[in-house]
Amino acid sequence: MSSRQIYRGLGAALLLIPCLTMASPASESLRELRTETLASRDITLKDLGITAPIVLADGNAHQDFYLPVPAGVVLSNANIQFAGRYLKGEPEPATLVLSLDGQPTWAQRITDGEGRLEKTFALSGGVHRNGFVRLSVDWQAMTHFNRCSPNNSIANSFTVSNDTVISYRYNSDAITTLKEAWSTLPGRPVLLVADEKLEPKSFDSAWRLGIALERNGKRVDIRALPSVGSEIDLKGVSVPSGLTRFPAFSALSGKERHKLANPAELGALLVLNAPAIKAELAIVDEALHKKLNAALDALQQQLSLDAAALEEFSLWRKHRATAAGSVLQSGQISLLTFGKQKIIGIADNAGAQASGVFSSTWRNLLVSEQVDAKLARADNEAKSNSVRLTSLDATSNNFDVVARGDWTANFPLSVVALDGRMPETLVLDVAAAPSASTTKPVVSVFWNGILLSAKQLNANGRPERLTARVPGYVLGVTNSVKVSFQRQPVSANCDEIPQGYPVEVLPSSHIKLGDPYPDGTFIGLLPLLSNTPQLFVPEKYLASAPTHLKQIVRIGSASGLSPTGTRFVVASGESSVKSKGPFLSMEVPVSGAKPKVQIVGGKELRVDGRKAPLLDIKGVEQLSTVEVIDDGKDSGLYWYALLNENARSDVPFVLNRGNIAVIGDAGPLAWIDSANPDASHPPGAGESAFFEWRRYISWSVPAISIGLLALLLLAILARRASRKRKESQG
């Protein structure tokens with residue numbers, strides 16, 4: 001082969017080699033950001049709805065906590081930071097044992113009087129198929145070594161702090177289905193919308209999804225994607241040195257707060273995974289699509305001076321910004337990338353469908369990354385009149401009881417408020433084995449800590465039934481039914497160790513649902529709002545959407561407003577609207593209805609009673625009111641903000657007393673029954689489940705007396721008539 005041929009071959013080979021772009025510091029930084037896929041979660045007991053510390057005061061107390069983790073996803077750096085405080089007034093030592101998923105993990109003997117206890121322990125790696133980690137706390141504080149002596153000292157206790165937290169990291173790329181994405185939602189997820197001002201379709205989808213999240217025990221925060229001029233919190237933002245030569249990244253470096261000067265800076269925030277724009281769900285409409293692409297296009301223009309950085313940014317945009325891709329089509333729900341995290345994207349007209357498919361009924365079917373939902377709702381045609389208690393999130397149905405044992409079921413209100421009906425009666429079927437004691441065991445049933453009923457059991461191993469009415473005031477956003485069994489331990493001459501004997505909550509236990517009986521109170525209206533009501537909002541709400549969406553979500557959740565069946569109506573101007581069934585009106589006048597609460601000049605609060613005013617006060621701010629109103633045909637709720645239109649409640653609650661509520665940041669501050677103010681007070685300690693009947697007894701006693709007097713007069717008149725008849729015949 002000649003040298004000329006060799007040179008020709010080398011030249012041809014060189015032509016086949018593609019031009020390689022030299023890496024730059026900027027491209028290396030962008031590559032690291034593109035390949036960084038670890039997402040983190042920190043979930044406290046407070047995020048799970050446990051608003052107060054849990055006190056274990058018995059000598060042998062046990063408490064389980066179910067901490068959510070992504071189902072079927074490998075976790076890394078997972079740990080539980082347990083916190084609590086002990087108080088020991090007895091000389092004998094106490095013991096604390098912590099267990100994970102039934103396996104004892106850590107124990108400590110406590111001898112001193114009081115102190116704070118903090119312990120961090122790692123969770124085993126791998127996959128949790130059931131979607132939770134069970135943390136068990138056992139507090140054993142035996143005050144007597146004699147087994148016959150009572151062990152009921154109140155001087156020993158352990159308090160579990162609701163700041164106890166589970167932390168973990170996971171690979172966001174491992175989330176491949178909508179079902180898995182839902183399981184990764186934190187206790188306070190963020191729902192992202194395009195801007196402060198929204199189109200009616202996007203606004204409608206946002207409030208529906210917000211209420212659906214609240215019904216599933218989440219406290220949703222609704223945020224608008226920042227715009228030029230928005231002031232951004234830059235805490236947690238770290239700008240790689242390789243990117244600081246570009247203006248958009250340089251403007252964000254070394255600051256705690258920054259006002260966005262141009263769209264490119266918004267794009268830089270997304271590339272840097274800034275906490276200020278972090279979200280778990282988004283309404284992906286045309287406005288969001290345009291805003292994201294404008295920001296990324298502007299940032300791409302700045303990077304065009306560095307060919308390697310531009311090439312790496314194109315890869316980043318392809319893999320880490322699918323939320324800025326094509327607009328979701330009608331009814332679509334899709335798993336998208338938004339920086340290093342995955343988010344659930346919902347089309348602007350798919351709010352009702354998303355609320356339905358993410359319910360506990362259909363959620364497990366979402367085993368793909370995208371669905372086209374045309375319809376998703378509960379089976380209203382089934383007309384189920386009851387919900388089995390054992391089908392709820394309950395502990396084991398059978399267990400042994402020495403002295404006392406509890407069975408609990410925890411569930412959101414939406415699970416037992418079906419098709420416009422609410423819990424009416426709790427039917428509890430239990431069985432208890434006989435024990436060595438001749439004293440009959442006692443079973444007691446509590447709903448959210450309020451005693452509904454109790455009964456002595458025959459304890460012959462056969463089913464026994466306990467029935468209790470469920471009064472409206474016991475209902476909460478989240479509910480807990482506790483069945484407590486108590487036995488009298490027996491030890492002959494203190495020579496035997498008392499043994500436990502089995503008890504069981506039978507599968508036939510259920511909650512009966514009742515039809516609505518509108519009576520002018522919140523409780524009478526709740527079932528109607530869970531079916532096909534109307535939601536009235538003024539047009540001005542769409543101009544400051546995030547603030548007003550939060551208000552609708554909080555009040556809608558408190559009133560049981562259906563996220564799937566509600567008809568959404570935007571009222572223009574200051575005009576009133578006409579109802580076509582039950583409704584929730586957010587500051588929109590309803591034709592024919594006169595509210596009892598009057599806001600005068602935005603500063604004066606007046607509440608009218610049945611015959612005379614109940615309240616007239618000035619100087620209160622940051623409050624809102626909600627009341628039951630009637631337009632002569634339909635009943636509904638009317639909400640109004642006092643002075644500050646940003647007023648809202650940050651604490652979940654249920655409208656379950658009276659017909660008027662005054663609400664502050666911490667929830668309802670006052671409950672009022674304008675027809676009977678005395679009935680507005682909550683049941684106090686020791687008051688029975690028949691507390692609310694007092695309002696009826698107050699007028700039924702004189703009515704019964706008058707009735708008896710009338711019967712007596714009729715009897716006297718009949719006797720006189722009979723006597724006269726006999727005299728005339730004689």
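Guide: Contact means heavy atoms within 4.5 Å, and helices (H or I, at least four residues) and strands (E, at least two) are DSSP runs, numbered from the N terminus. This is a predicted model, in which local features need pLDDT of at least 70, side-chain atom pairs count only at pLDDT 80 or more, and totals for chains, interfaces and linings use all residues. Residues are numbered from 1 along each chain as its sequence is written, and side-chain values use heavy atoms, leaving out hydrogens and water.

Visitor: Which residues of α2 meet α8?

Guide: From α2 they are A26, S27, L30, R31, L33 and R34, and their partners in α8 are A308, A309, E312, F313, L315, W316 and R320. Sorted by type, this contact has eight nonpolar residues, one polar and four charged (Ala, Val, Leu, Ile, Met, Phe, Trp, Tyr, Cys and Pro count as nonpolar, Asp, Glu, Lys and Arg as charged, the others, Gly among them, as polar).

Visitor: Why are α2 and α8 called roughly parallel?

Guide: Helix α2 (residues 25-35) packs against α8 at about 15 degrees, and their axes are 8 Å apart. Axes are lines fitted to C-alpha atoms, for helices over the stretch in contact, with angles from 0 to 180 degrees between N-to-C directions. Angles under 35 degrees count as roughly parallel, over 145 as roughly antiparallel, 65 to 115 as roughly perpendicular and the rest as oblique, so α2 and α8 are roughly parallel.

Visitor: And what makes α7 roughly antiparallel to α8?

Guide: Helix α7 (residues 286-303) and helix α8 (residues 307-320) pack at about 160 degrees, their axes 9 Å apart. That angle is on the antiparallel side of the cut-offs, and therefore α7 is roughly antiparallel to α8. Here N293, L296, D297, L299, Q300 and L303 in α7 meet L310, F313, W316 and R317 in α8. This contact divides into six nonpolar, two polar and two charged residues.

Visitor: How do you know that Y168 is buried?

Guide: Buried means under 20% relative accessible area, exposed over 50%, and partly exposed in between (1.4 Å probe, protein chains only). Y168 has 2%, so Y168 is buried. Y170 also counts as buried, because its relative accessibility is 5%.

Visitor: What makes Y168 and Y170 a tilted aromatic pair?

Guide: A search of the whole structure finds 12 aromatic pairs. In the pair of Y168 and Y170, the centres are 6.3 Å apart and the planes 40 degrees apart. Rings of Phe, Tyr and Trp (its six-membered ring) pair if their centres lie within 6.5 Å; planes under 30 degrees apart count as stacked, over 60 as edge-to-face and the rest as tilted. So these two rings form a pair, and the pair is tilted. Elsewhere, ring pairs link F82, W139 and F158 into a cluster.

Visitor: Why is helix α11 called mostly covered?

Guide: Six of the eight residues of α11 (residues 522-529) are buried, namely F522, G524, L525, L526, P527 and L529. For the chain, buried residues make up 48% of the 730 residues.

Visitor: What counts N448 as partly exposed?

Guide: N448 has 31% relative accessibility, so N448 counts as partly exposed. N448 sits in the loop between β24 (442-447) and β25 (450-456). N448 is not a glycine, yet has a positive phi of about 50 degrees. Most residues other than glycine have a negative phi.

Visitor: Where is N273 found?

Guide: N273 is in the loop between α6 (263-271) and β15 (281-283). N273, again not a glycine, has a positive phi of about 55 degrees. With a relative accessible area of 23%, N273 is partly exposed.
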